[in-house]
Amino acid sequence: MPPAIAIAGLTKRYDAGANSVLAVNEIDLEVAEGELFGLLGPNGAGKSTTIGICTTRVMPTAGRVRVAEIDVVADPPRARAEMGVVTQFRALDRSLTCWENLYYHARYFGMGAAAARARAGELLEQFRLADRARTLPDRLSGGMAQRLQIARAVCHRPRVLFLDEPTAGLDPQSRIAVWDLVRELRAGGMTVLLTTHYIEEAERLCDRVAIIDHGRILICDTPAQLKRQAGAGVVMHLRVARAAPELAERLRALAGVSGVEPIEQGFRVFAADRDGLAPAAAAAAQDFGLEDIALAEPSLETVFIRLTGRELRE
Ligand SMILES: Nc1ncnc2c1ncn2[C@@H]1O[C@H](COP(=O)(O)OP(=O)(O)O)[C@@H](O)[C@H]1O
Ligand SMILES: [Mg+2]
């Protein structure tokens, strides 16, 4: 089966007078039909630009994108009919009720009045907004407004759904409600490409994740496989009064340690497993004023740090 989204050699340079920004730098990516795919990266990584090009809102400098086998630059209207989009900046019609937002969207995509009415009602049910049919968007909570955005985006039953930071700024409970809805859509056969800067969202929600930084895809795989590739079963943070290079050497020599990096007031240590690690590190750090040792499971954060030397969350 051909991929639902095929991105090849995609490049975007924004030219602002003397300043030019290479926002997307030769990205290649394929998202399979029915896949829930995440683009994970920090602010400014190029996520929104990539989604903007896929959804015909931004013109690429080079490369091409096919959504449901349609070239988005060559045939934007036909491509748009196959996709639902929720942009990073929410765009509900504030003068229309929840029901009307859905109804007019359905009409815009060519449904007759009766079909559009039925579809709006069905979506309000599906997205747990049935009791808000007559409410204006400004009166909705952040989580509800986001559910309405997604409902509207899938109103015309697109094959592919693009969600740019779908849970940014939502409280944890609303975030989980959005995850559940996205999972339901995927279970119904929809392909989903979402962007996020939340590690947990990429890790827990997505089938596959591409980590993006400075417009480049650094790595792409399932969350489990990405963590395995990080080459660490455990990550230890060691805080000391005196973070001397000599201590780094001692830590590096411990059994099972695959990497040591300086952090503020100490070191981050990657190791194969936790057995005996903390006591051995504590002994090694004794002469350096040991203050604290913390062990953690590796996460996609670990993968990001290993690839870039920086932390993803700021
Ligand atoms: N319209 C624009 N004009 C100029 N630069 C832009 C524009 N949009 C984004 N950029 C720049 O491109 C880079 C990538 O931005 P963006 O795609 O929004 O990243 P993300 O969504 O990952 O935060 C950033 O350096 C940003 O400042
Ligand atoms: Mg963005």
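## A pair of packed helices

Helix 3 (residues 98–108) and helix 5 (residues 142–153) have axes that come within 9 Å and cross at roughly 20 degrees. As in the rest of this report, the description refers to a predicted model. Angles under 35 degrees count as roughly parallel, and helix 3 and helix 5 are therefore roughly parallel to each other. The crossing of helix 3 and helix 5 is right-handed.

Which residues make the contact between helix 3 and helix 5? On the side of helix 3 they are Cys98, Asn101, Leu102 and His105. Helix 5 contributes Leu148, Ala151 and Arg152. In general, two packed helices are described by the angle between their axes and the distance between the axes.

An open sheet is formed by 6 strands, in the order 6-7-8-3-9-10, and its pairing is mixed. Its edge strands are strand 6 (83–86) and strand 10 (216–221), each of which pairs on one side only. From one strand to the next, the twist averages 15 degrees.

## Strand 7 and its neighbours

Strand 7 (residues 160–164) and strand 8 (residues 191–196) pair in the parallel sense over 5 bridges. Within this pairing, Phe162 stands opposite Leu193 of strand 8, and Asp164 stands opposite Thr195 of strand 8. Strand 7 also runs parallel to strand 6, to which 4 bridges join it. Here Val86 stands opposite Leu163 of strand 7.

Is strand 7 buried or exposed? Of its 5 residues, 5 are buried, so strand 7 is largely enclosed by the rest of the structure. Both of its faces are covered. Val160, Phe162 and Asp164 are buried on one side, and Leu161 and Leu163 are buried on the other.

## Helices against the sheet

Helix 1 (residues 47–54) lies across strand 3 (36–40), strand 7, strand 8 and strand 9 (208–213). Its direction is at about 150 degrees to strand 7. Helix 11 (residues 300–308) also packs on the sheet, where it touches strand 3, strand 9 and strand 10. The direction of helix 11 makes about 40 degrees with that of strand 9.

## Antiparallel pairing around strand 11

Which strands does strand 11 (residues 234–240) join in the antiparallel sense? One of them is strand 13 (residues 266–271), joined to strand 11 by 6 bridges. In strand 13, Ala271 is the bridge partner of Val234.

Val235 has Ala296 of strand 14 as its bridge partner.

Where is Ala253 found? Ala253 belongs to the loop between helix 9 (245–252) and strand 12 (257–263).

Key
Residues numbered from 1 in each chain as written. Chains lettered and ligands numbered in written order. Predicted model: local features only at pLDDT ≥ 70, side-chain atom pairs only at ≥ 80, totals over all residues. Pairing = 2+ DSSP bridges. Helix = DSSP H or I, 4+ residues; strand = E, 2+ residues; numbered from the N terminus. Axes fitted to C-alpha atoms, helices over the stretch in contact; angles between N-to-C directions. Contact = placed C-beta atoms within 7 Å. Buried ≥ 20, exposed ≤ 12 C-beta atoms within 10 Å, placed from the backbone. Parallel < 35°, antiparallel > 145°, perpendicular 65-115°, else oblique. Left-handed = near helix turned anticlockwise from the far one by under 90°.
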